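Me: I'd like to go through some labels and see what each one rests on. Can you set the values against the cut-offs for me?

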Amino acid sequence: DISVGSTGAPSAPVTIKTDPSDHAGLDVYADGDLGNKILTLKADSNAAGEISIKDTAGVDSVKISNTSSRGQVDLYDDGGVVRMTAEVDSNEQGKLTLKDSSANDSVKLSSDSNRRGTVSVHDSAGVIRMTALVDSNEQGELTLKDSSANESIKLASDSNKRGVVDIYDAA
């Protein structure tokens, strides 16, 4: 048994008590190089667990964390900018967000609080231009928007299993 930073009996074969001043827990360095931290296991600012995997420059590549008592995984580009987040949202539903090279939302997959799926596709500024979803009547719906974010085409099904096509002229 190994116990570090704890005065009590270890609760596992290896027990590490994080430092309350900076939440530090365990750092792993590559090839004995103390300038090349590749993994950090620590408490976040809310005393929940966080694991960060870093590249050889010490920049985050992957972060696994607990956000508001829900799991989250962030994937980063080589500059340390989040490009994808998988999380459990405030509705207790899964959500996946892909971001473009400017860190704007690009594609988002989610569910509402009634377990109905939604896919949204965004333009280069992060504005939603296409949405595919299941509505409150359990019918599929696809909405396309023009460059001013006005609905231009909506494809849907009604409760009688008939297709509905709405085409709008925003001019």
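This is a predicted model: local features need pLDDT of at least 70, side-chain atom pairs count only at pLDDT 80 or more; totals for chains, interfaces and linings use all residues.

Me: What makes E151 and K154 a salt bridge?

Reply: Their closest N and O atoms are 3.8 Å apart. The cut-off is a Lys or Arg side-chain nitrogen within 4 Å of an Asp or Glu carboxyl oxygen, so the pair counts. The background idea is that side chains of opposite charge can pair when their charged atoms come close.

Me: And how do you know that K154 is buried?

Reply: K154 has 19% relative accessibility. Buried means under 20%, so K154 gets that label.

Me: What makes K154 and E141 a salt bridge too?

Reply: The closest N and O atoms of K154 and E141 are 3.9 Å apart, and the limit is 4 Å, so this pair also passes. K154 sits in strand β14 (residues 151-157) and E141 in strand β13 (residues 140-145), so the pair ties together parts that are 13 residues apart in sequence. Like K154, E141 is buried.

Me: Buried or exposed: what are D60 and K54?

Reply: D60 has a relative accessible area of 16%, which is under 20%, so D60 is buried. K54 has 17%, so the label for K54 is buried as well.

Me: What makes E50 buried?

Reply: The relative accessible area of E50 is 12%, and buried means under 20%, so E50 is in. E50 is placed in strand β5 (residues 49-54). Setting aside neighbours within four places in sequence, the contacts of E50 include K42, D44 and K63.

Me: How do you know that T131 is buried?

Reply: T131 comes out at 14% relative accessible area; that is under 20%, so buried it is. T131 lies in strand β12 (residues 128-134). Beyond four places in sequence, T131 is in contact with residues including T118, V119 and E141.

Me: Why is I16 called partly exposed?

Reply: I16 has 33% relative accessibility, which falls between 20% and 50%, so partly exposed is the label. I16 is located in strand β2. I16 is also one of the residues in a nonpolar patch on the surface, together with V14, L26 and others, with about 670 Å² of accessible area together. Elements giving two or more residues to the nonpolar patch are β2 (14-16), β3 (26-29), β5 and β7 (70-76).

Me: What makes N66 and S69 a polar contact?

Reply: The backbone nitrogen of S69 is 2.9 Å from a polar atom of the N66 side chain. The limit for such N or O pairs is 3.5 Å, so this distance is within range. The backbone nitrogen of R70 lies 3.3 Å from a polar atom of the N66 side chain, and that is within 3.5 Å too. N66 itself is found in strand β6 (residues 60-67).

Terms used. Residues are numbered from 1 along each chain as its sequence is written. Side-chain values use heavy atoms; hydrogens and water are left out. Buried means under 20% relative accessible area, exposed over 50%, partly exposed in between (1.4 Å probe, protein chains only). Helices (H or I, at least four residues) and strands (E, at least two) are DSSP runs, numbered from the N terminus. Contact means heavy atoms within 4.5 Å. Patches are made of residues with over 30% relative accessible area and no salt bridge: like charges are joined within 9 Å, nonpolar side chains (Val, Leu, Ile, Met, Phe, Trp, Tyr) within 5 Å. Accessible areas come from the Shrake-Rupley method with a 1.4 Å probe; for residues, only the protein chains shown count as cover. A polar contact is a pair of N or O atoms within 3.5 Å; within protein, one must be able to donate a hydrogen and the other to accept it, and residues adjacent in sequence count only if both atoms are side-chain atoms.
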